[in-house]
Amino acid sequence: METNGKSCDICSRMNSVELATSRCIDCFDDLCEKCANSHRANRLSMEHRVMSLDDSQAADFVPDTVGFCEKHADRKLEVYCFDDELACCLMCATTDHRKCKMVESLEECAEKQASEGDKKKLEEILEEFNQECEDDKSSLSKNKEGFGAQVDDIRSRIQSMKESVVRFLNDKEAEFMEQLISLQNEKNDKYAAKVDSLSEFQEKVGVDIKKMKNCTEKKQSSSIFRDEKS
């Protein structure tokens with residue numbers, strides 16, 4: 001098996017040198033055979049994806065960009081504290097940053113970043129449209145000949161830019177509606193599950209009440225029979 005002269009990252013941290021034969025896609029570490037076997041057996045890393053160096057290079061795999069917590073090396077970064085301007089794991093968030101006012105998950109931050117990107121893209125389209133108008137106005141002022149043709153060209157550009165903006169807004173509307181419907185379906189499923197669970201519990205309580213009534217009636221009948229006999 002080819003190693004390309006890579007050293008085991010874990011052994012290197014322990015001031016030892018061993019040739020790497022594998023790579024953990026989740027930790028980004030190159031591993032020797034012994035460390036790779038330990039990595040697969042460790043409860044904290046047994047679900048990590050470990051493959052040979054040859055396979056990882058042949059697949060041209062691009063690892064996840066999420067890193068690991070500085071304080072808890074076995075936990076990935078999950079939240080971002082805006083007060084301390086620091087990314088950390090969920091354990092740190094519930095201990096070191098529990099008093100911070102603004103702590104959000106990295107997923108929420110990514111969604112906001114994407115939303116900001118959409119806003120910036122729309123602004124760029126509108127700025128481009130505005131610049132087009134300015135250029136056309138300048139061109140009309142400098143050259144009055146062929147005015148009719150220029151008007152048609154300007155109208156065509158405005159129409160094209162309008163269609164681009166409308167298409168962009170329609171795409172975002174469809175995307176947001178899809179997310180909203182998905183969230184609604186998820187809430188409905190959870191509500192239906194709770195209703196089913198409550199109905200099942202209510203049915204069991206009804207059965208227990210009926211049994212208790214039957215038992216009470218039997219005891220009363222038995223008592224009456226003993227009184228009559230005595």
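## Exercises on a predicted model

About 310 Å³ of space lies in the largest pocket of this predicted model. The exercises below examine that pocket, a sheet, a serine and several cysteines.

**Exercise 1.** Determine how many residues line the largest pocket, and which helix gives the largest share of the lining.

*Solution.* Step one: the lining consists of 14 residues. Those nearest the centre of the pocket are Cys27, His39, Ser45, Ala73 and Asp74. Step two: at least two lining residues come from each of helix H1 (9-13) and helix H2 (33-41). Step three: the largest share is that of H2, with 3 residues. Step four: by residue class, the lining holds 6 nonpolar, 5 polar and 3 charged residues.

**Exercise 2.** Describe the order and the pairing of the strands in the open sheet, and identify its edge strands.

*Solution.* Step one: the open sheet has 3 strands, placed in the order E2-E1-E3, with antiparallel pairing. Step two: strand E2 (30-31) and strand E3 (50-52) are the edge strands, since each of them pairs on one side only. Step three: as a general rule, the strands of a sheet pair through backbone hydrogen bonds, in either a parallel or an antiparallel manner. Step four: between the antiparallel strands E1 and E2 there are 2 bridges. Aspartate 30 in E2 is the bridge partner of arginine 23.

**Exercise 3.** Decide whether serine 22 is buried or exposed, and list its contacts beyond four places in sequence.

*Solution.* Step one: serine 22 belongs to strand E1, which covers residues 22-24. Step two: the relative accessibility of serine 22 is 8%. A residue is called buried when this value is under 20%; therefore serine 22 counts as buried. Step three: with neighbours within four places in sequence left aside, serine 22 is in contact with Asp29, Asp30, Leu31, Ala36, Arg40, Val50, Met51, Ser52 and Leu53.

Conventions: Residues are numbered from 1 along each chain as its sequence is written. This is a predicted model: local features need pLDDT of at least 70, side-chain atom pairs count only at pLDDT 80 or more; totals for chains, interfaces and linings use all residues. Side-chain values use heavy atoms; hydrogens and water are left out. On a 1 Å grid over the protein atoms alone, a cavity is a set of points where a 1.4 Å probe fits but cannot get out, and a pocket is an open set with protein on both sides within 12 Å along at least five of seven lines; lining residues have an atom within 4 Å of a point. Grid points are joined across faces, edges and corners, and a volume is the space filled by probe spheres set on the points. Helices (H or I, at least four residues) and strands (E, at least two) are DSSP runs, numbered from the N terminus. Ala, Val, Leu, Ile, Met, Phe, Trp, Tyr, Cys and Pro count as nonpolar, Asp, Glu, Lys and Arg as charged, and the others, Gly among them, as polar. Buried means under 20% relative accessible area, exposed over 50%, partly exposed in between (1.4 Å probe, protein chains only). Contact means heavy atoms within 4.5 Å. Two strands pair if DSSP finds at least two bridges between them.
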